[in-house]
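Work through the following exercises with the sequence and the model side by side, and try each task before reading its solution.

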Amino acid sequence: MNNKSLKKLLFFLVVQFVSVQLFAHDGGRGTPTKVWKLVEGNKTITADFIQKVDEIVYLSNEDHELMVFDISDFKTEEQQYILDKSNWIHEQNVLQQEESDAIVPPINLYLALGLLLILVALFMYHYITKKKDSYWAFSLSTLLVVFVACKSKSSTSSLKMAANDVPFLASIFGAFDKVNTRYDDTYFYIESDGIPDHEMMTGITSWQQQVPINHDYTGANAWAIPLQPELAENPLSTKDNFMKGAIAIAANGIPIFNPLNNRGEDANAIGELDQWGGHCGRADDYHYHLPPVHLQAKVGSTKPIAYALDGFPVYGETKEQLDEN
């Protein structure tokens with residue numbers, strides 16, 4: 001292969017690399033606005049489909065305002081569309097969780113491969129033209145590109161969790177009249193006065209001489225749940241960590257602490273908890289140390305009774321077989 005042929009090959013590789021970069025970005029568009037037919041008075045509305053939770057359908061109108069309907073409010077063909085769309089979204093979320101492991105961002109992968117091809121071509125060119133003093137430089141550069149590509153793959157192999165759905169969160173915490181919610185682009189906020197709608201302190205045999213008083217969990221002091229939960233690179237066990245402060249917020253707006261108290265003792269085993277799994281701390285703040293499974297009666301047996309402060313749902317009791325997590 002002569003110098004002219006090598007230059008043509010190098011030019012071809014560069015053009016191919018640039019072309020791949022131009023067309024490597026995934027295209028996308030939002031859910032198309034749909035005209036919905038309602039049963040009552042044959043009315044129609046224009047809105048985007050957001051989510052179906054049980055029999056409740058959430059839409060967003062042209063002003064991006066949330067609209068809530070019962071599925072029976074829609075005509076038969078619209079109900080079928082809602083069911084099909086909801087099933088499709090569920091399947092995509094499951095598929096995304098199963099296939100997202102070890103995904104390499106296309107741009108990083110193409111970048112590494114493109115640079116690798118260019119460096120190989122340059123190496124061949126310098127070898128044939130007898131510029132041997134450059135062999136090692138190009139060899140090391142090639143190894144560096146391969147290392148970067150492998151590093152990129154390994155660093156992005158963690159499982160990406162599905163984002164929390166705002167309407168679903170609202171339905172969980174909205175089941176309790178004393179709880180207010182709001183959200184922004186990053187967090188879902190839960191506000192309450194820190195007092196549950198059940199009795200407190202009944203059944204405690206080791207009383208700390210504290211009594212429950214109102215606490216202002218509103219505004220800047222509201223509980224914040226991340227809309228996009230992430231798996232920790234180094235998970236920490238509650239057996240040795242998180243002895244002070246809340247680790248979750250129950251659906252009724254009451255914080256949940258570690259099952260161990262701040263001295264590392266099992267709060268329930270030593271009689272510090274009432275029959276609902278809670279008690280008052282030194283700040284007279286009522287909180288649970290056990291999962292408040294009694295909330296299942298209000299939110300439903302298949303729904304979360306709380307959300308951990310890292311964004312993951314907390315479920316109650318079940319007879320189903322659990323996995324290692």
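**Exercise 1. Find how strands β5 and β6 are joined, and in which direction they run.**

Solution. Strand β5 (residues 180-183) and strand β6 (residues 187-191) run antiparallel and are joined by four bridges; strands here are DSSP runs of E with at least two residues, helices are runs of H or I with at least four, both numbered from the N terminus, and two strands pair if DSSP finds at least two bridges between them. The model is predicted, so local features need pLDDT of at least 70 and side-chain atom pairs count only at pLDDT 80 or more, while totals for chains, interfaces and linings use all residues. Residues are numbered from 1 along each chain as its sequence is written, and side-chain values use heavy atoms, with hydrogens and water left out. Within the pairing, Thr181 has Ile190 of β6 as its bridge partner.

**Exercise 2. Identify the residues with the most contacts inside the largest nonpolar core, and the element that gives this core its largest share.**

Solution. A nonpolar core is a set of buried Ala, Val, Leu, Ile, Met, Phe, Trp, Tyr and Cys residues joined through side-chain atoms within 4.5 Å, where buried means under 20% relative accessible area, exposed over 50% and partly exposed in between (1.4 Å probe, protein chains only). The largest such core has 30 residues, and Phe173, Phe188, Ile190, Tyr286 and Tyr288 have the most contacts inside it. Elements supplying at least two residues each include α5 (166-173), β6 and β11 (286-288), and α5 gives the largest share, with four residues. Finally, leaving aside neighbours within four places in sequence, Phe173 is in contact (heavy atoms within 4.5 Å) with residues including Thr181, Phe188, Ile190 and Tyr307.

**Exercise 3. Describe the aromatic pair of Trp36 and Tyr81, and explain what the pair ties together.**

Solution. Rings of Phe, Tyr and Trp (its six-membered ring) pair if their centres lie within 6.5 Å, and planes under 30 degrees apart count as stacked, over 60 as edge-to-face and the rest as tilted. Nine aromatic pairs are counted by this rule. The rings of Trp36 and Tyr81 are 5.5 Å apart, centre to centre, with 80 degrees between the planes, and the pair is edge-to-face. Because Trp36 lies in strand β1 (residues 34-37) and Tyr81 in helix α2 (residues 76-99), the pair ties together parts that are 45 residues apart in sequence. Trp36 is buried at 0% relative accessibility, whereas Tyr81 is partly exposed at 29%.
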